[in-house]
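Take a look at it first, then read on.

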Amino acid sequence: MCGNDASRQKLKILPKFRFLSDFGGTGFKIGANVFPFSLMAHVAPRQRDPRGRPMCYPPTLVTAPSFPRVPNVSTFRLYSSAIFLTAALKTLCVYSLCVYSKMDSDQEQSHSRKKSVKLRREKLGSVHQKYSRVRLAPSKFQAICDDLSDTESADSDSDLDSEFIETETADDDETESEGSEDYDVYIAIRARRGMGTRTAGTTRTPPTSSDEAWSTDNTPPFVDSYIGVPGLTCPVPSTPLGFVQLFLTQSLLKYMVYETNLYATQSNAPTLTNTSNRWEPVSVKDMARFLGLTILMGILRLPRIRMYWQTGKFWHVPCFNTFMTSKRYELISKYFHIYNSNAIAKDNPDRLIKVRTVMQYLTQKFKTLYIPQKNMRLDEGTMAWRGRLAFKTYNPNKPDKYGIKLYMLAESQTGYIYDFEVYAGSGKTTIETVMGLIEPLKNKGYHLYMDNYYNSVRLSELLLEQGVYTCGTIRLQRGQRGGPKSLQVQAKGKMPVDKTVFRRKDNTFIILWKDKRVVSLITTCHNADTQQVERRKRVRKPDGTFSLQQVTVNKPNAICDYNTHMKGVDHFDQMVKYYQFTRKSYKWTKKMTFYFLQMAIHNAFVLYNYYTTDTKKLTLLHFHEVVISSLLYFQPKNWPLQNDNITHAADVHDNESTSTGHNVATPGPSGVRRPPFPSPPVAHSSSDSEDKSQNIPSGASARKKTRIMDNPERLNRNLCHSLVKIQKRLRCRVCKMSSKRRDTRYKCKSCNVPLCAAPCYSKYHRKKQFWADKQ
């Protein structure tokens with residue numbers, strides 16, 4: 001040996017070498033396992049570094065931090081055969097051989113240990129002489145590994161740190177305790193945590209990096225059995241209408257009637273003098289007919305609503321004129337409301353408060369009336385909306401790219417919507433949303449299938465603690481939410497077709513499978529086992545044409561189950577598109593309410609198909625016909641009353657506005673503030689006494705909207721009027737009164753009213769009734 005004691009205690013990384021004889025030592029160590037290598041310091045010739053100085057090999061056994069943990073030589077050979085056949089063959093060999101030998105400096109070790117080390121050195125010396133002058137190549141490395149496996153001593157495990165070895169005595173104690181009463185509980189707890197049972201000779205290595213926590217153990221994970229009782233929690237209805245009445249109840253119709261009449265009263269609709277547009281309070285029968293005609297419009301699609309009432313046309317539909325006039329339908333549609341607008345405070349942070357009541361009512365019905373089966377699917381749906389909305393989203397993968405996004409939890413087999421949540425642009429994170437939707441299904445053995453939008457290692461671990469098992473695709477490049485770095489590298493590189501690679505941490509598996517592209521999957525209810533699946537493959541013939549051939553591939557079981565159960569929300573989107581009755585509207589709340597009713601009808605149809613005993617089941621079209629007929633010919637006695645009355649929101653009174661009275665400037669068009677002017681006296685019509693006898697909610701007359709009046713000084717030509725530019729676009733006053741929607745970037749500086757540059761600016765300051773020429 002060369003070098004003094006001080007040099008022996010130092011660790012120097014050697015430069016790159018080409019030959020095996022450039023190194024000396026007794027072996028190298030990977031993780032917590034020692035692999036002997038026949039490289040003796042006194043046999044290897046003395047080498048010099050690039051500067052010409054003799055190199056010294058300190059006799060210290062070093063752990064290579066960049067190598068993964070390998071349990072034995074055979075596994076090391078399998079791992080190395082996949083790594084060393086790459087372009088980094090020489091570099092990996094250099095760093096594996098640069099690990100220095102350990103000399104037996106301990107004088108107190110036993111004689112048997114010295115003898116075993118001596119025998120091991122002699123065998124390693126023979127291997128060294130055999131390959132000392134052989135140039136490294138992929139073809140030679142397999143032979144080197146075979147010789148190394150033969151020279152591995154039986155006492156090699158004694159070189160490991162005793163801190164991380166499970167001794168035979170401990171294993172014997174565990175074996176003896178198998179007959180005890182607590183042994184089954186001990187096994188169940190370890191299996192639930194994904195720890196499994198330890199056997200004799202196993203080694204535990206402390207993780208030094210995030211990747212070392214992942215292993216290649218393919219033992220099936222522990223999965224709780226499903227303990228739920230799927231099915232209806234109420235008596236099964238005997239008619240198709242009975243399934244509809246589970247969700248579309250008479251209480252819901254009465255709530256819509258009350259809020260619609262309240263909103264019409266707040267908007268001064270009953271005081272209008274125009275006979276054709278005069279408002280008459282809505283009854284439950286009127287609301288039922290309104291909804292029935294709206295659903296019928298989803299089957300008979302026409303571009304405009306008034307076309308349904310046109311007579312003498314090819315598209316004339318007599319039933320619309322039979323049940324309601326076009327003016328009546330338009331008025332109900334105009335004042336259709338589901339929440340008290342005066343109950344919304346100015347500092348209210350809830351963006352969904354106007355639809356929150358109906359949404360909570362239906363979700364409560366969905367969750368309490370039916371218990372789903374074991375396999376659930378979580379995905380997002382989109383309600384088409386291209387209007388102005390703060391939480392409007394864009395998703396190019398959906399049929400409706402622009403719209404309001406909803407998180408839907410559906411049953412995989414039937415497509416029953418169990419729960420949903422509307423995305424409002426802020427508030428909850430993805431993990432909080434998933435945990436909130438899955439709350440009623442915890443600790444019951446449910447399997448949840450999700451795509452890579454939701455899945456992460458952290459979410460899978462949290463759901464596993466709550467007794468919910470997950471499966472779905474995952475984005476490996478998600479940082480802490482993604483998978484181990486080794487799988488990320490393999491996913492980016494080239495993988496053979498039909499190859500499966502996996503890693504495991506406790507009960508969590510991450511699986512890579514190469515088909516046309518690399519598919520990454522995370523699961524807590526499957527292992528990496530595969531099954532043979534036949535599929536068609538497009539093959540190119542020598543003449544340039546293509547043909548389809550049946551080929552057999554080994555597809556992981558987790559991917560097969562994922563493809564089978566990821567169809568619940570997609571099934572709902574498909575069924576809704578057939579007879580969709582949500583139409584374009586300026587009010588997103590009205591369209592969202594109709595979308596909720598589509599969910600209710602869809603769930604009713606799903607339950608009907610699942611429970612009906614009829615020989616000939618109704619199709620979706622005939623099921624809609626039953627719903628429409630029951631609403632148009634509404635009879636209260638055919639709709640049973642339920643004790644589920646929906647509470648109405650009370651008005652919120654603003655003390656500041658009431659104390660100041662009329663001295664506060666009122667908002668002008670499009671929110672523009674203008675100087676205060678005396679309000680005109682409110683004209684009371686002779687029909688007020690008649691309206692009081694109708695179905696008008698009590699307290700509806702409070703806080704009536706005051707009619708917006710224009711400044712009479714706008715016609716004063718002595719006043720200096722000028723057109724100035726504003727930053728935000730506002731709605732033109734003249735166009736608004738002419739039933740046109742046009743925004744402008746200009747306003748009158750004196751009147752403080754947004755106006756188009758031409759011709760609205762001139763009309764507004766010259767004509768007393770500037771809207772008289774509207775068509």
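## A cis bond and its neighbourhood

Let's start at a proline: Pro 759 sits in the loop between β18 and α24 (760-766). The helix and strand labels are DSSP runs numbered from the N terminus, with helices being H or I of at least four residues and strands being E of at least two. The peptide bond leading from Ala 758 into Pro 759 is cis, with omega near -5°.

Arg 733 belongs to helix α23 (residues 733-737). Is Arg 733 buried or exposed? Arg 733 is buried, at a relative accessible area of 4%. For this label, buried means under 20% relative accessible area, exposed means over 50%, and partly exposed is in between (1.4 Å probe, protein chains only). Arg 733 and Tyr 761 are 28 residues apart along the chain, and their C-alpha atoms are separated by 9.5 Å.

## What kind of model this is

This is a predicted model, so to speak of a local feature takes pLDDT of at least 70 and side-chain atom pairs count only at pLDDT 80 or more, while totals for chains, interfaces and linings use all residues. Residues are numbered from 1 along each chain as its sequence is written, and side-chain values use heavy atoms, with hydrogens and water left out.

The pLDDT score is the predictor's confidence in each residue, from 0 to 100. The chain's mean pLDDT is 74, and 65% of its residues reach 70 or more. Two stretches stay under 50: for residues 28-46 the model has 78 contacts beyond four places in sequence, and for residues 654-707 it has 63 such contacts. A contact here means heavy atoms within 4.5 Å. Where pLDDT is low, the predicted coordinates should not be read in detail.

## The chain as a whole

How many helices and strands are there in the chain? There are 24 helices and 18 strands. The chain has 775 residues, and 44% of them count as buried. Take the contacts with a separation of 6 or more: residues 24 or more positions apart account for 67% of them.

The chain exposes about 42,700 Å², with carbon and sulfur atoms supplying 51% of that. Accessible areas like this one come from the Shrake-Rupley method with a 1.4 Å probe, and for residues only the protein chains shown count as cover.

## A three-stranded sheet

Back to β18: it belongs to an open sheet of three strands in the order β16-β17-β18, with antiparallel pairing. The edge strands are β16 (723-731) and β18 (753-754), each pairing on one side only. Two strands pair if DSSP finds at least two bridges between them. β16 and β17 (residues 743-748) pair over five bridges, and Leu 723 has Cys 748 in β17 as its bridge partner.

Strand β7 (residues 402-411) pairs with β8 in the antiparallel sense over five bridges, and Tyr 407 is the bridge partner of Glu 421 in β8. The two strands form a hairpin with five residues between them, and Gly 415 in the turn has a positive phi of about 85°. Why call β8 (residues 417-422) largely enclosed by the rest of the structure? Because six of its six residues are buried.

Helix α14 (residues 430-437) has these buried residues: Thr 433, Val 434, Met 435 and Leu 437. Their cover includes β7 and β8, along with β5 (375-384), β9 (447-450) and α15 (457-465).

## Two positive phi values

Asn 443 is in the loop between α14 and β9. Its phi is near 60°, a positive value in a residue other than glycine, and at 47% relative accessibility Asn 443 counts as partly exposed.

Asp 506 lies in the loop between β11 (500-505) and β12 (508-514). The phi of Asp 506 is also positive, near 60°, and this residue is partly exposed, with a relative accessible area of 45%.

## A covered helix and a lone cysteine

Helix α19 (residues 588-611) is mostly covered, with 21 of its 24 residues buried. At 1.5 Å a residue it should span 34 Å, and its end C-alpha atoms are 35 Å apart, which agrees. The expected span is 1.5 Å times one less than the number of residues.
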